[in-house]
Every structure is written in C-alpha cells, then in structure tokens.
Amino acid sequence: MKEKVKLMIVDDSAIIRQAIHKHLKDFDIDVVGTAEDGKVALEVFEKTNPDVVTLDITMPEIDGLTVLEEMLKINQNVKIMVVTALSDKSTGLKAIKLGAKSFLPKPFTPEKLRSSFERLLD
Amino acid sequence: MNETDLHFFIDSTVNYFEEVTNEKATAGIPYIKDNEPVVLEYTGIIGISGKRKGSIYVTTSENMLSTIAKVILGLKEVGKEDIKDLVGEIANTISGNVRQAYGSDFMISVPVVVEGKAKDIKLPDNIQSFVIPITWKDFKLFLVVCLE
C-alpha cells in the first residue's frame, strides 16, 4: 500500500494553519506536525521528518527563509512550499534559489493552494 | 506618503477581500488622521523598517472578522482566538503584499494584536498618518498607514 505523504504546516497564524489543513485534506496526506514559529518548526521537523512542508516567512524567533535553509541541511529531499504574504518577485526568487520547490503568495484561494500542492507532489 | 503610496495600500486591501472571500470590498476616500482615535474592536499592527519606516494597522469589528474567518475555514462558528489571529494575518498580508511595489527592502514585523477598544494606537508623532476606510458587505475596516 502506498504510504501517505507526511505534511508539516508552518505558519504563525493559526487560522492559516487550519485553512491549509482543511483545503489539502482530500490529498493522501498525514499532517505529522505544525509550528507557529521558526524555532518550533525546526524542532518538529527533526522529530517528524516530513516529506513536504508548507512554510511561512514572516514568523517569530527564526524567519522562514532561515528555516528553509536549515530544513534542507537536515533533509535535502524534503519538498518545501513557501506560503507568504511577502509576494514580491525577489522574495520568491530567493526562496527558490535557497531550495524551495514552490512559492505561493498570500492571500491564496483554496484552488490556488491545491494546484500548487498538486504540482509539488508531481 | 503620496497618492501613489495610498493606491498601493488600497489595491492590496481590496485584493485581500476579493481573493479570500470572493466578494469585493470598496475603499472610501483616504484622510489624514488627526487626534481622533481610529480603533475598533480588534487591531493588528505591523512595524515597518528598511527603506520605509513607520507602522501600519488594521482595525475592525468582531463581526467582520468572524464572518471572514467562517469563509476561510468553511465553518458555521469560529472562536475568539481565530478572530484575534485573523486581524493580525490581515495586517500581515496587506503589508507584505505592498512589497510588490516597494521591493524587498520594505521590511515588515510580525503582527501585534490589540483586543478591545484602546484609547488610540500610538504612532510616530513626526510622521503624518493616513486613514483608508474600507467597506466589505455591511462591515467597516480602517487601514491606518503611517510611513516616512
């Protein structure tokens, strides 16, 4: 049997974490962890070893781009989708250059989130 | 701050409502904030640093936030914590999106949320602040922009 994709959701907004979970629930996923700041994100990441992470940038403790680099040092195969209000091109390019597989600007519709996630899993 | 700056913020706010709720919001005529407080039930404040310095805040009612939160989560009821969280997220998204105009040197802080009608929100005295009234459905939101 094919294993579920292990997903971790990182965002300092609880409502965004809930929304991402809700809109992705039809995918074959198992949400193995969530985090509300960069420090907790790295702790949860090491414990749960997710396949895919949705990652905010503007967060307390450690910013998302630093978290992105640290996660990739721990597991270079993890697929990271940056989901951020910092929607300027240079932030998007920086995230991709650092190793993110996808960049989704906020605000997002459920459809945009699902199609970005689908492409990420391909 | 000039008219072009105000348009960036209006566009960012109107876009937020359209993307999140699929319903248009309308912006009223911006005005210069005087000593009259502009504070509703929940306020999300963002500090700005880098190329521009100052603060931005979004203030609105519990009813508006509750209605938007229900749309986002597809629920019939939402809790106070979700409402409080949402005002910070709206402030964060509107502020973050104007980086499309200002570039990545427009640095935004994480949001600070104030619950309840404070006397007013403290803004830098030496910078002029603008109030942008926003209407969505029958609800009012004020975006206050104070930028060097």
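Chain A exposes about 5,900 Å², and carbon and sulfur atoms supply 49% of that surface. Accessible areas come from the Shrake-Rupley method with a 1.4 Å probe, and for residues only the protein chains shown count as cover. The accessible surface of chain B is about 6,800 Å², with 50% belonging to carbon and sulfur atoms.

This is a predicted model, in which local features need pLDDT of at least 70 and side-chain atom pairs count only at pLDDT 80 or more, while totals for chains, interfaces and linings use all residues. Residues are numbered from 1 along each chain as its sequence is written, chains are lettered from A and ligands numbered from 1 in the order in which they are written, and side-chain values use heavy atoms, leaving out hydrogens and water.

Chain A is built from five helices and five strands. Helices (H or I, at least four residues) and strands (E, at least two) are DSSP runs, numbered from the N terminus. Along the sequence, the elements of chain A come in the order β-α-β-α-β-α-β-α-β-α. The C-alpha atoms of chain A fill a box of roughly 40 × 30 × 25 Å along the principal axes. A compact globule of 122 residues would have a radius of gyration near 14 Å, and the 13 Å of chain A agrees with this. That radius is taken over C-alpha atoms, and the globule rule is 2.2 Å times the number of residues to the power 0.38.

Of the 122 residues in chain A, 53% count as buried. Buried means under 20% relative accessible area, exposed over 50%, and partly exposed in between (1.4 Å probe, protein chains only). Among the contacts in chain A with a separation of 6 or more, 65% are between residues 24 or more positions apart; a contact means heavy atoms within 4.5 Å. Chain A carries 18 positive and 20 negative side chains, and the centres of the two sets lie 4 Å apart. Here Lys and Arg count as positive and Asp and Glu as negative, with His and the chain ends not counted. Each charge is placed at NZ of Lys, CZ of Arg, CG of Asp or CD of Glu.

Chain B has four helices and eight strands, in the order α-β-β-β-β-α-α-α-β-β-β-β. Its C-alpha atoms fill a box of roughly 45 × 30 × 30 Å along the principal axes. For 148 residues the globule rule gives a radius near 15 Å, and chain B, at 14 Å, agrees. Buried residues make up 51% of chain B. Of its contacts between residues at least 6 apart in sequence, 69% join residues at least 24 apart. The mean positions of its 15 positive and 21 negative charges are 2 Å apart.

Over all chains, the structure holds seven aromatic pairs. Rings of Phe, Tyr and Trp (its six-membered ring) pair if their centres lie within 6.5 Å; planes under 30 degrees apart count as stacked, over 60 as edge-to-face and the rest as tilted. A:Phe27 and A:Phe117 form an edge-to-face pair, 5.0 Å centre to centre with 70 degrees between the planes. This pair links distant parts of the chain, since A:Phe27 is in the loop between helix H1 (14–24) and strand E2 (29–35) and A:Phe117 is in helix H5 (residues 110–121), 90 residues apart. A:Phe27 is buried at a relative accessible area of 18%, and A:Phe117 is buried at 0%. In chain B, the ring centres of B:Tyr16 and B:Phe17 are 5.7 Å apart and their planes are at 85 degrees, so this pair is edge-to-face. Both B:Tyr16 and B:Phe17 are buried. Ring pairs also link B:Phe8, B:Phe9, B:Tyr102 and B:Phe106 into a cluster.
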